[in-house]
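Dear colleague,

I am passing on the structure we spoke about, with the sequence alongside. Please open both before reading my notes, which follow below.

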Amino acid sequence: MDLTFSESEAAFRDELRAWFENNDPGRSPEGEDAAYAWRRDWQRRLADDRYAAVHWSPEYGGRGASITESAIFFEELGRARRPLPANVLGILLAGPTIMTFGTPEQKERYLPPILTAEEIWCQGFSEPDAGSDLAALKTRAVKDGDEWVVTGQKVWTSGAQYSKWCMLVARTDVDGAGGKHKGLTYFLMDMEQPGVQVRPLVQITGEPEFNELFIEGARIPDENVLGGVGNGWRVALTTLMNERSGLAFFLQVRLRQLLDELVEEAAARELLDDPVVADKIGLLHMKAEILRLTAYRGLTTIEKYGTPGPEGSLTKWMWSETNQELAQFAADLLGPDALTNGNRWAYELLRSRGNTIEGGTTEILKNIVAERVLGLPRLKGAAA
Amino acid sequence: MNFDFSEDQHEIKRTARDLLGQRSSLAKVREAAEGHRYDDALWTELVALGWPGIAIAEEHGGQGLGAVELAILAEELGYAVAASPFLATVMAAEAIGAGGTPEQQAKWLPGLASGEITGALGEVGGLVPDADAAAVIVLVGDDGTARVVARADADVTPVDAIDPTRRAARVSADGGDPLADPAVAVDRATVAVAAELVGVAQRALEMTLAYVKDRKQFDTPVGAYQAVSHRCAQMLKDTEGARSATYFAAWAANAEPERLPEGAALAKAAASDGARDVTASAIQAHGGIGFTWEADVHWLYKRAQVDAALLGTSGKHRRRLAALLAARLAPAAA
């Protein structure tokens, strides 16, 4: 057991610290579009020095970073308070999925502009009637010559308004022979066509972070099928598996920073001597540390044994729950300030409610833990 | 970065699990608990294997291994809910070994390492496990001091505590020989308690999983119902969280002692609450049978309750963590 970084890991961390020190994009500008453009520029700077996707192999513009080095990247990105690159879904989800299932032509066509943020990606999985039960999705793709014609609706598509491409899962076999997981196909859909309409979905914070996607007769050429017709479930699972790693380290650091800032605010208001306040701060500190330590244990398990251990299923659950608890505590501690629009803690209080839903609800994570980690039987009709 | 045991450490864990599985089955634990006595044959065997001295320096007759190896054994003895004075003895040995004067070490460690004597450690006013039979007691005061007291100089009153797998007592003493570094002494003992609690939680989780996979109601294993399976998922989360904190603390004890105070507080806060919640959940998931004397889950619940109160409740350690965090942030704020 050695919880210090190896020489090469420490060197990578120091290199990143120096780079982030010298590369400061400044504060995010006001306005949705300006903020997005700012993150796009930031990604170009990262890409210029091959930091946009360190876990990608060098042939695609990455550094072939180990999973620990990739974690270090996200930890340092958060630590330096730099933003996530604009094309985060392309880098973390679309890219690795295309690397796994793409043809040589697809890799060559799609991967480079993901890195440079020239082409932004969004994820078209969830539908109004297919959330946790993803395989219940109804968006249909019908073959027409050497094209597919797509009709349906997607929801929770973050960044769709800026996206050139969509990772789209649609039903290509409506007979449903062999169950609802069969007959799905994974497409790379061009968003810039009349059959695709993006409508912002305003969330409880008042921001339109997500969108609805209305697809009416959109056309996708044959060569944009990823991983073969009818293989969409398997390809989609690869995307979802990627979703649950990597980011954890960025989020873990952000949680730590939020907690530290809250403690500083509490100190400024001379509230730290209250034993109830101290107890709660201690609890949140403990949970934040346990999240960090458990995430690192998970890395070791993957690096040493090749497959994720129980830790991997627990970290997203831990983070989302703790982030909510932290925001709720800020409201208790800071009173009316934390309930006033425009205050950052008020924002956290609202935004954190999404944490236990986005990227896999806590209920689905518990199903996954129960079934795949603990080996408990599955109730008929339930899924993980 | 390697947050996993070495091959040798894994081997210690496997060996301990196998041995205790054979020598300290739940039937044996029951026998000892109901008979209000210890499993002397087990202790003799553990002594022969050198377990009490695993983390005692070689110059004092121990094996000279570290806090991680000790945590592994404490965890496995907790997993077995073994009826033995192991934890009490190693807590005393850790305290004297890490925080004692050279004279205290020379006087007590060889006997503790060889199993010739047993030790105990606890707080004034608290329940001190195995103090009555111990030759040496480390008494921790609420002012942060700790002193070494020979059994003959201590006033020991046995207490019939709720955990019948262990013998508790209240201890007071007028004199005693102060430890040179009580803080590190108590923190290292605290990590050993946390490790035992992790083992207790792990066992409660495993017993529960076996039960809910087997027990059927409405023609379905109850573990298939989400009310039960989600409870089990929570038990895993609590157990693994306590494990992450405890292994970190054990590692820090030797490798980065400046992080031990925080590590010990993290470990004890997480393991106390984790083991209490997990063992309570185990009783609930076992249903009516879990509430009976006949089922074995109550040994775990009782051990968790008494261990959680040793060397500071989770609340005390959380407030300690808050103070450590505030102190770390203070220079930045100033």
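Two strands are said to pair if DSSP finds at least two bridges between them. In this model, which is predicted, E1 of chain B and strand E3 (residues 136–140) of chain B run parallel and are joined by 5 bridges. Within that pairing, B:Gly119 stands opposite B:Val136 of E3(B). These strands belong to an open sheet of 4 strands in chain B, ordered E1-E3-E4-E7 and with mixed pairing. Strand E1 (119–123) and strand E7 (177–178) of chain B form the edges of this sheet, since each pairs on one side only.

As to confidence, the predictor assigns the complex an ipTM of 0.96 and a pTM of 0.95, while chain B averages a pLDDT of 97, with 99% of the residues scoring at least 70.

Turning to the interface, 44 residues of chain A are in contact with 40 residues of chain B. On the side of chain A that touches chain B, at least two residues each are supplied by helix H7 (247–268), helix H8 (275–305), helix H9 (310–334) and helix H11 (362–373) of chain A. The largest share, 17 residues, comes from H8(A). By residue type, this side of chain A divides into 26 nonpolar, 7 polar and 11 charged residues.

The domain assignment of chain A gives domain 1 (7–86), domain 2 (121–232) and domain 3 (244–373). Taken over C-alpha atoms, the centres of domain 2 and domain 3 of chain A are separated by 31 Å, and 4 residues of domain 2 are in contact with 7 residues of domain 3. The side of domain 2 of chain A that touches domain 3 of chain A consists of 1 nonpolar and 3 polar residues, with no charged ones.

Finally, two residues of chain A deserve a look at their backbone angles. Most residues other than glycine have a negative phi. A:Arg81, although not a glycine, has a positive phi of about 60 degrees, and A:Arg81 is found in the loop between helix H3 (67–79) and helix H4 (88–101) of chain A. A:Trp156, also not a glycine, has a positive phi of about 65 degrees and is found in the loop between strand E3 (147–155) and strand E4 (165–171) of chain A. Are these two residues buried or exposed? A:Arg81 counts as exposed because it has 11 C-beta neighbours inside 10 Å, whereas A:Trp156 counts as buried because it has 24 C-beta neighbours inside 10 Å.

With best wishes

Notes. Residues numbered from 1 in each chain as written. Chains lettered and ligands numbered in written order. Predicted model: local features only at pLDDT ≥ 70, side-chain atom pairs only at ≥ 80, totals over all residues. Contact = placed C-beta atoms within 7 Å. Nonpolar A, V, L, I, M, F, W, Y, C, P; charged D, E, K, R; others polar. Domains from an automatic or database assignment. pLDDT = per-residue confidence, 0-100. Buried ≥ 20, exposed ≤ 12 C-beta atoms within 10 Å, placed from the backbone.
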